[in-house]
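Here is a short report for a reader meeting this structure for the first time. Keep the sequence and the 3D view open while reading.

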Amino acid sequence: MTTTEATAAAQGPDDSFHVFDTTLRDGAQREGINLTVADKLAIARHLDDFGVGFIEGGWPGANPRDTEFFARARAEIDFKHAQLVAFGATRRAGGSAAADPQVRALLESGAPVITLVAKSHDRHVELALRTTLEENLEMVRDTVSHLVAQGRRVFVDCEHFFDGYRANAEYAKSVVRAAHEAGADVVILCDTNGGMLPAQVSAVVATVLADTGARLGIHAQDDTGCAVANTLAAVDAGATHVQCTANGYGERVGNANLFPVVAALEIKYGRRVLPEGALAEMTRISHAIAEVVNLTPSTHQPYVGVSAFAHKAGLHASAIKVDPDLYQHIDPERVGNTMRMLVSDMAGRASIELKGKELGVDLGGDRALVSRVVERVKERELSGYTYEAADASFELLLRAEVEGRARKYFRTESWRAIVEDRPDGTHANEATVKLWAKGERIVATAEGNGPVNALDRALRVALERFYPQLAKFELVDYKVRILEGKHGTESTTRVLIATTDGTREWSTVGVAPNVIAASWQALEDAFTYGLLHAGVEPAE
């Protein structure tokens with residue numbers, strides 16, 4: 001940690017800089033996300049645990065779900081770090097804030113902070129609001145001053161600000177001044193269409209800050225892939241309030257991603273924006289929120305993705321063996337992640353040695369052994385296997401080379417799977433396995449909802465008497481890929497299976513011309529690996 005970082009860590013987060021999360025409102029507009037009230041409450045708890053300063057919960061009064069969320073959040077969540085924020089619009093044209101039912105709903109939400117969206121693009125004022133430019137300014141002044149008079153802290157989102165600034169800079173700045181002079185604590189410049197680039201954002205923020213004297217924030221959409229960069233450019237130019245969403249969720253391609261923004265501020269800028277120790281929870285929080293919204297966590301997301309600190313090339317591994325910092329910009333543990341070594345046909349000796357250490361397999365500095373494993377991996381990957389996605393199969397291969405024999409809990413005599421197409425349109429799937437375990441020959445048959453499921457069940461019928469640990473094993477994912485080289489039904493097939501025992505999850509691989517044969521290989525490895533890590537001694 002640098003001197004700057006240490007100083008920032010000692011100071012702790014305060015009101016001089018805001019991390020504002022809008023996952024529950026703007027993030028929820030992503031295609032495929034449909035949050036229940038329970039989902040929103042769960043995410044709010046995660047965000048509060050992470051230590052963001054503000055959580056925008058939605059638009060009370062606009063729909064029953066958001067109204068219920070605010071009522072339940074007040075009663076059910078004891079916020080430790082965050083303040084709850086209600087979102088809404090300025091009053092209607094020609095009316096008054098005091099009499100506006102939507103403004104009243106914001107107050108009734110009980111949220112201590114209110115964010116108002118205001119038009120700052122002259123064409124939007126005239127075409128969308130269908131009012132005059134001066135009336136729009138009065139709508140901003142009236143609504144902000146009314147809410148401030150009611151004891152609320154007010155932020156103002158200047159919608160389409162950057163496009164509005166390009167079209168009519170003086171009017172866009174006049175909206176900022178109106179909000180600031182009426183008592184808004186922060187005025188947020190919004191790149192609503194997501195079309196800006198960092199240099200443009202920096203120049204505009206610096207000018208508006210100098211010309212208005214308002215405290216400024218930034219809200220960036222990611223349509224150019226620059227939302228995080230634009231957010232940091234705004235900070236460089238003087239913005240002290242950043243609006244983000246967890247994992248970058250949001251409309252179209254999304255918003256500025258909370259996690260790389262916060263990590264950059266804390267680690268790269270040395271600015272303390274989270275409570276002590278919270279940054280180390282970032283990977284867990286990211287994945288937990290992904291689970292709530294029912295989206296698979298992005299494997300390649302900066303800082304928190306499972307591939308963020310994964311190394312595949314042999315050259316990288318050789319350097320990392322000397323010093324991990326040579327190919328990593330930070331220690332992954334700072335953000336709650338871990339370094340991973342991937343094993344593939346690109347692997348060199350250092351990759352295998354580091355992967356063995358990661359898996360707890362002692363290679364003893366045996367150069368001949370390591371070279372043999374490297375060649376074995378390259379040979380098998382040439383035939384279609386992939387070990388970077390199947391750590392369990394690789395560990396079994398590695399142990400077989402180290403110990404001079406493969407781990408065996410059973411020996412396969414034969415197996416078969418039958419799919420019966422019945423006249424009524426239904427199908428029956430039946431599998432029979434013939435095995436040897438602990439000196440005994442076993443024949444077992446089972447039915448399933450597919451041939452692979454039937455084989456899985458038949459294996460269990462055959463082996464659970466000898467290995468009761470198998471009752472805990474559950475197949476949780478199954479992927480099939482047709483490999484290049486031949487066409488259609490002559491192609492080689494690769495199967496990846498993920499299995500869990502309720503505590504840990506592991507992946508295995510099988511390759512064969514026949515999809516069922518490939519599945520059998522992956523199943524054998526899955527059972528063998530699970531029993532190995534359950535502490536069961538091999539029978540063969």
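## A hairpin with a positive phi

This is a predicted model. Start at the hairpin of strand 12 and strand 13. Two residues sit between these strands. Lys 438 in this hairpin takes a positive phi near 50 degrees.

Strand 12 covers residues 427–437, and strand 13 covers residues 440–448. The two run antiparallel. Nine bridges join them.

## A patch of negative charge

Now look at the surface. Glu 420, Asp 421, Asp 424, Glu 430 and Glu 447 gather there in a patch of negative charge. Glu 420 belongs to strand 11, which spans residues 411–421. Is Glu 420 buried or partly exposed? Its relative accessibility is 41%, so Glu 420 counts as partly exposed.

## Salt bridges across the sequence

The model has 30 salt bridges in total. One of them links Arg 91 with Glu 135, with the closest N and O atoms 2.9 Å apart. Arg 91 lies in the loop between strand 3 (83–89) and helix 4 (101–108). Glu 135 lies in helix 6, residues 133–149. The pair therefore ties together parts that are 44 residues apart in sequence. Both Arg 91 and Glu 135 are buried.

Another salt bridge joins Asp 185 and Arg 153. Here too the closest N and O atoms are 2.9 Å apart. Asp 185 sits in the loop between helix 8 (169–182) and strand 6 (186–191), and Arg 153 sits in strand 5 (residues 153–159), so this pair ties together parts that are 32 residues apart in sequence. Asp 185 has a relative accessible area of 28%, which means that it is partly exposed.

Which residue meets Arg 460 in a salt bridge? The partner is Asp 456, at 3.3 Å from N to O. Both residues belong to helix 17, which covers residues 451–463. They are four residues apart, so about one helical turn separates them. Both Arg 460 and Asp 456 are buried.

Some salt bridges share partners. In this way Asp 15, Arg 153, Asp 185 and Arg 215 are joined into one network.

## An enclosed strand and its neighbours

Strand 15 runs from residue 493 to residue 500. Seven of its eight residues are buried, so the rest of the structure largely encloses strand 15. Strand 14 (residues 474–482) runs antiparallel to strand 15, and eight bridges join the two. Tyr 478 stands opposite Ile 497 in strand 15.

Strand 15 also pairs with strand 16, residues 505–512. These two run antiparallel as well, and eight bridges join them. Thr 499 has Trp 506 in strand 16 as its bridge partner. How many residues lie between the strands in this hairpin? There are four, and Gly 502 in the hairpin takes a positive phi near 95 degrees.

## A nonpolar patch

Return to Tyr 478, which lies in strand 14. Together with Val 480, Ile 482 and Val 515, Tyr 478 makes a nonpolar surface patch of about 310 Å². Strand 14 gives the most to this patch, with three residues. Tyr 478 has 31% relative accessibility, so this residue counts as partly exposed.

Terms used. Residues numbered from 1 in each chain as written. Predicted model: local features only at pLDDT ≥ 70, side-chain atom pairs only at ≥ 80, totals over all residues. Heavy atoms only, no water. Pairing = 2+ DSSP bridges. Patch = residues over 30% accessible without salt bridge, like charges linked within 9 Å, V, L, I, M, F, W, Y side chains within 5 Å. Areas by Shrake-Rupley, 256 points an atom, 1.4 Å probe, with all protein chains shown as cover. Salt bridge = Lys/Arg side-chain N within 4 Å of Asp/Glu carboxyl O. Lys, Arg positive; Asp, Glu negative; His and termini not counted. Charge placed at Lys NZ, Arg CZ, Asp CG, Glu CD. Buried < 20%, exposed > 50% of the residue type's maximum accessible area, 1.4 Å probe, protein only.
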